[in-house]
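Please read them with the structure open beside you.

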Amino acid sequence: ALKVFPKNSVGDEQFQKEQLLSHLNHPNVIKHIPTTSERDDCHLLLLEHAKYGDFFDIVLKGALNTEVLVRTYFHQLIEGLEHIHSQNIAHLDLKLENLMISSDLKLKIIDFDQAQLLSDEIITSAGTKAYRAPEVKAGTCKHFTAADIFSAGVLLFTMMTKEFPFREASDPQKKDPRCYSTYLTNKKGFWQVAAQLSNDPNFFSQDFRDLIEGMVHEDPSQRLTISEIKNSNWYKGRVLTEKDLQSQIKLKLETIRRQKRRVC
């Protein structure tokens, strides 16, 4: 897959950030393939191809229809994110569209045009609405890894329900539990409303709720770390082997892929 960036101030900055990929080497991060170009009008970035496309369609079409499937891919997300952070990089724009599935059914984190080094003192990323931590929205983020954890929590909830957990809009009357500001003072109401998404009041286990609440804590310094996520009860539940993953999801992904090709 080839990404093209115009040679101007915006394109130069995006290309420079995307080149952070050259420092990363992990099965759950899209692979950067070194290449050279003599073009004067654009920068070229060559990446491995992700056959089954982005996670947005996969989640929206209901391919992750069991908790164990969700957990299996959430493990891969966390493993990839842990590697990114270990290389002193924060992604800062984790979302369904920035996760893809390769031909061997592995999750791949892509698009580093909002990424920053952990040593940066000021955040320049604006993130993506509905996924971003409140401090990213406010432009006051200093704990970049904690911002990624917040976004990963939003992703986990969305993988389970096909719905975003929070609305960013203000809720001065405190009547909408799905607004993040109201959630902070009415978590019980939030989970009651969230359970209606599945028509099952017991859809969310207490272990799942504890994990989500720890990942989207208002205070970045109080959010779960990756180590704490890995030690959580929900995370330590059953995951699929590569063989089982093939049998449970490959046919679904092939169907989604064929549907997209017909539309195109």
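1. Lys230 is partly exposed, with a relative accessibility of 23%, where partly exposed is the class between buried (under 20% relative accessible area) and exposed (over 50%), computed with a 1.4 Å probe and protein chains only. Its salt-bridge partner is Glu82, the closest N and O atoms being 2.6 Å apart, and a salt bridge here requires a side-chain nitrogen of Lys or Arg within 4 Å of a carboxyl oxygen of Asp or Glu. Glu82 is likewise partly exposed, at 31%. The pair joins distant parts of the chain, with Glu82 in helix 3 (residues 67-86) and Lys230 in helix 9 (residues 226-230), 148 residues apart. Helices (H or I, at least four residues) and strands (E, at least two) are DSSP runs numbered from the N terminus.

2. On the basis for these values, the model is predicted, so that local features need pLDDT of at least 70 and side-chain atom pairs count only at pLDDT 80 or more, whereas totals for chains, interfaces and linings use all residues. Residues are numbered from 1 along each chain as its sequence is written, and side-chain values use heavy atoms, with hydrogens and water left out.

3. Glu242 and Lys106 also meet through their side chains in a salt bridge, at 3.9 Å from N to O. Because Glu242 lies in helix 10 (residues 242-263) and Lys106 in the loop between strand 5 (99-101) and strand 6, the pair ties together parts that are 136 residues apart in sequence. Glu242 is exposed, at 62% relative accessibility, while Lys106 is partly exposed, at 23%.

4. A further salt bridge connects Glu48 with Lys108, the closest N and O atoms being 3.3 Å apart. Glu48 sits in the loop between strand 3 (42-47) and helix 2 (55-60), and Lys108 in strand 6 (residues 107-109), 60 residues apart. Lys108 counts as buried, at 7% relative accessibility, whereas Glu48 is partly exposed, with a relative accessible area of 21%.

5. The search of the whole structure finds 12 salt bridges, and Lys51, Glu254 and Arg257 are linked in a network of such bridges.

6. As for the overall fold, the chain holds 10 helices and 7 strands. Its radius of gyration, taken over C-alpha atoms, is 19 Å, close to the 18 Å that the globule rule gives for 264 residues, so the chain is as compact as a globular protein of that length; the rule is 2.2 Å times the number of residues to the power 0.38. Buried residues make up 47% of the 264 residues.
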